[in-house]
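This report covers helix packing and salt bridges in a predicted model. The sequence and structure come first.

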Amino acid sequence: MRWGQDGEIRVVTDPAAFALLTWRAGWVFALRSAQLWTEPAGAATALADMAAEKQRAFADGAFAAGRAAMEGTRPDLVVAAALSPARRRVASNYRRMTRLR
């Protein structure tokens, strides 16, 4: 299906995936905030690394979405392509930060 074909615009149909992404992102944010609070000496470097990580995920998602849209992919899959880098990064951070040491 191509974008706008038959006037049909689909949305991503898996709200559980969005809920999981936002829940994990919240936990990662809380855990990283606590980590920065306990280690203020390295906070500036850590914050810069976190900002760069988000910029990379956003740029990768933007390029993936653009590529998918130019290929005529369904809109719901364009959204999935846009969110994929952020989902992978958040999932990785969540696993790393909640792992028992």
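A residue counts as buried when its relative accessible area is under 20%. Glu 53 has a relative accessible area of 11%, so Glu 53 is buried. Arg 32, at 10% relative accessibility, counts as buried too, whereas Arg 89 is partly exposed at 33%.

## Salt bridges

The predicted model holds three salt bridges. In one of them, the side chains of Glu 53 and Arg 32 meet with an N to O distance of 3.1 Å. This pair links distant parts of the chain, with Glu 53 in helix 2 and Arg 32 in helix 1 (residues 15-38), 21 residues apart.

Glu 53 also forms a salt bridge with Arg 89, the closest N and O atoms being 2.9 Å apart. Here Arg 89 lies in helix 3 and Glu 53 in helix 2, 36 residues apart. Arg 74 and Asp 76 form a salt bridge with their closest N and O atoms 2.8 Å apart; Arg 74 is partly exposed at 27%, and Asp 76 is buried at 9%.

## Packing of helices 2 and 3

Helix 2 (residues 43-70) packs on helix 3 (residues 75-98) at an angle of about 155°, the axes being 6 Å apart. That angle makes the two helices roughly antiparallel. Their crossing is right-handed. Residues making the contact include Glu 53, Ala 57 and Asp 60 of helix 2 and Pro 85, Arg 89 and Asn 93 of helix 3. The contact residues divide into ten nonpolar, two polar and three charged.

Asn 93, in helix 3, is buried with a relative accessible area of 3%. Beyond residues up to four places away in sequence, Asn 93 touches Val 28, Arg 32 and Glu 53.

Technical notes. Residues numbered from 1 in each chain as written. Predicted model: local features only at pLDDT ≥ 70, side-chain atom pairs only at ≥ 80, totals over all residues. Heavy atoms only, no water. Axes fitted to C-alpha atoms, helices over the stretch in contact; angles between N-to-C directions. Helix = DSSP H or I, 4+ residues; strand = E, 2+ residues; numbered from the N terminus. Parallel < 35°, antiparallel > 145°, perpendicular 65-115°, else oblique. Left-handed = near helix turned anticlockwise from the far one by under 90°. Contact = heavy atoms within 4.5 Å. Nonpolar A, V, L, I, M, F, W, Y, C, P; charged D, E, K, R; others polar. Buried < 20%, exposed > 50% of the residue type's maximum accessible area, 1.4 Å probe, protein only. Salt bridge = Lys/Arg side-chain N within 4 Å of Asp/Glu carboxyl O.
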